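Open the model in your viewer and keep the sequence panel beside it.

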Amino acid sequence: MAVEEPCEVCLTPTEQKCSGCQTVHYCSRDHQKQHWKLHKLHCVPAKIKELPGIGRYLEATRNIKAGDVIMKEAPLITGPAQITPPVCLGCYVLLAEGKTTSCDKCGWPFCSEKCTRSSVHEPECFYTQQRGEKVSISTYGIPHPNYQCITVLRCLYQRDHNTKLWTKLQALESHTEDRKGTDKWENDRKMIAQFIWNFFKLEQLFNEEEIMKCCGIIQINGHEVPLLEPEYVAVFDKISMVEHNCKANCNKSFTSDGQIILSAGVAIPRGSHISVCYTDPLWGTEARRHHLSDSKFFECSCERCSDVTEFGTMFSAVKCKKKNCIGYLLPDTFIVPILHKTTSPDPATKGLDNKFWKCKECKDEVSDEIIQQLLQDIGRELSIMEKGNPDACERFIEHCASYLHPSHYYMIDAGLALAQLVGQDTGLAAVSDDRLLLKTQLCRKITELLNILAPAENRVRGSLLFELHAAVAETGRRKGLEEGPNVMLGHIMESQKILVESSALLAHEPPELHEGRLGRQAKINLVQMDELIRNLSAALPSPL
């Protein structure tokens, strides 16, 4: 039996809930409409919950369909990245020498007079004026130390000027105790805390604990906003409670004005945890776990990390070199404690770093040291490979096929680049039949792999499907010239179906990003394909 709760407007007990979030009650549709102006700011199909070992997280309050927007949120704080050349402190565009406007109050350089009046600039402007001497920036185009403290300073400013915002920031995870003693902690203490004390003369205003906690809040909760080059940093409120999973069920994107959009990448049943991937889902398990440990201070043991085969994809598997063996090598587990430079070895973990990679076919074993050296050599080869050259990608894939599983992350990295490069300069009409087939096969293979490993990775999947639709359409054009309009029509209709999916996946990407521009082009192409299908259909002979 449903529980009755008071109506948000008149307090009359009722079982009826808001269909969007399932968390507030209304006795009538009129009262729901009356309350909507207030409720729409908080109406999301997820509620905040808390568990030991996880902390606060978001749980779906209703069944969520793939593609649904779960929430859209403006940032609490924005600021330049810690390591950055001089950028405008209003809009974060990169500054160039001789093309700046200085704030007449504090001297910080901007891209325009309008940006000097931006409200986000108030904190550093306020403290610079208190300092009694204007800032003078003379070098551009290379990282500048004065910018390392800006985003932290903007957080600290809220303590005395916006108590509500300060309280929200302080409620976010900072992992202060975990960070103490690490190289990053010592660097932040020197380059941020001491700079704030000495340059801005604020040693008596902010203590080390306050400054270092703000450093941690930004490190743990900061999102790199890719609307500009270089990217800037934003800290959000509710989005910060979304937990990590290497096979996440949600995707994040940004609006042109820097708001974040959280959308469902797959269908999410009511009661499920809402998750995003904090790292790159196209990295191998060891790289993902090390990155999360170093930057977010937790060791991932999600379902994907716990399965060495990564759901049967063999994404990290190395080819067995035993003569006549067709098997692949993997360790028993990737879930071993990650020891940091500042961490003393635990006797209980002794020997875990001496793991062996084993072949299921011939039972051969190879030491982790040998495997890591092989992967390091291949990784170095990939890093120095000529960018933008499809021939170089193809040579890399051919060479590494004797060492790695066809779906190994290094093979997929090169394959993804190759799939996007074929036809990029000349157009698909100019590529050979073999190359067109290769592009089609790679797009299909990597898309299927992503559906298994990272179904919420909308940007990569959407971009690949856009490439695939073009390849299928070009294949149809060529076959149509030989086999007639009926064959062409079949390929064009398949291409259209692929493009519809691509357009849906890229729907929330902003025009500042390549994926956003692809999404807009997809809509244009869909209109053109509708017309082409009508024309081809009309040209076919009528059935008897």
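Select Arg-154 to begin: the residue is buried, with a relative accessible area of 2% (buried means under 20% relative accessible area, exposed over 50%, partly exposed in between, with a 1.4 Å probe and protein chains only). Arg-154 and Glu-124 form a salt bridge, their closest N and O atoms being 2.7 Å apart; the term covers a side-chain nitrogen of Lys or Arg within 4 Å of a carboxyl oxygen of Asp or Glu. Arg-154 belongs to helix α4 (residues 150-161) and Glu-124 to helix α3 (residues 122-131), so the bridge ties together parts 30 residues apart in sequence. Helices (H or I, at least four residues) and strands (E, at least two) are DSSP runs, numbered from the N terminus.

The model is predicted: local features need pLDDT of at least 70 and side-chain atom pairs count only at pLDDT 80 or more, while totals for chains, interfaces and linings use all residues. Residues are numbered from 1 along each chain as its sequence is written, and side-chain values use heavy atoms, with hydrogens and water left out.

Next, select Glu-208 and Arg-189. Their side chains meet in a salt bridge at 2.8 Å, N to O. Glu-208 sits in helix α8 (residues 208-221) and Arg-189 in helix α7 (residues 183-199), 19 residues apart. Are these two buried or partly exposed? Glu-208 counts as partly exposed at 26% relative accessibility, and Arg-189 counts as partly exposed at 29%.

Move to Lys-355 and Asp-368, a salt bridge whose closest N and O atoms are 3.5 Å apart. Lys-355 is in the loop between β16 (328-331) and β17 (356-359), and Asp-368 is in helix α11 (residues 368-383), so this pair ties together parts 13 residues apart in sequence. Both Lys-355 and Asp-368 are buried. For a network, select Asp-433, Glu-474, Arg-477 and Arg-478, which are joined by salt bridges that share partners. The structure holds 25 salt bridges.

Now show α11 together with α13. The axes of α11 and α13 come within 11 Å and cross at roughly 10 degrees; axes are lines fitted to C-alpha atoms, for helices over the stretch in contact, and angles run from 0 to 180 degrees between N-to-C directions. That makes α11 roughly parallel to α13 (angles under 35 degrees count as roughly parallel, over 145 as roughly antiparallel, 65 to 115 as roughly perpendicular and the rest as oblique). On α11, the contact (heavy atoms within 4.5 Å) is made by Leu-375, Ile-378, Gly-379 and Leu-382, and on α13 by Tyr-409, Tyr-410, Asp-413 and Ala-414.

Leu-416, Ala-419 and Gln-420 of α13 make the contact with Val-460, Ser-463, Leu-464 and Glu-467 of α15.

Finish at Tyr-57, in strand β4 (residues 55-60). Tyr-57 is buried, with a relative accessible area of 4%. Which residues does Tyr-57 touch, not counting residues up to four places away in sequence? They are Lys-47, Ile-48, Lys-49, Glu-50, Leu-51, Met-241, Glu-243 and His-273. Select Ile-274 as well: its C-alpha atom is separated from that of Tyr-57 by 7.5 Å, with the two residues 217 apart along the chain.
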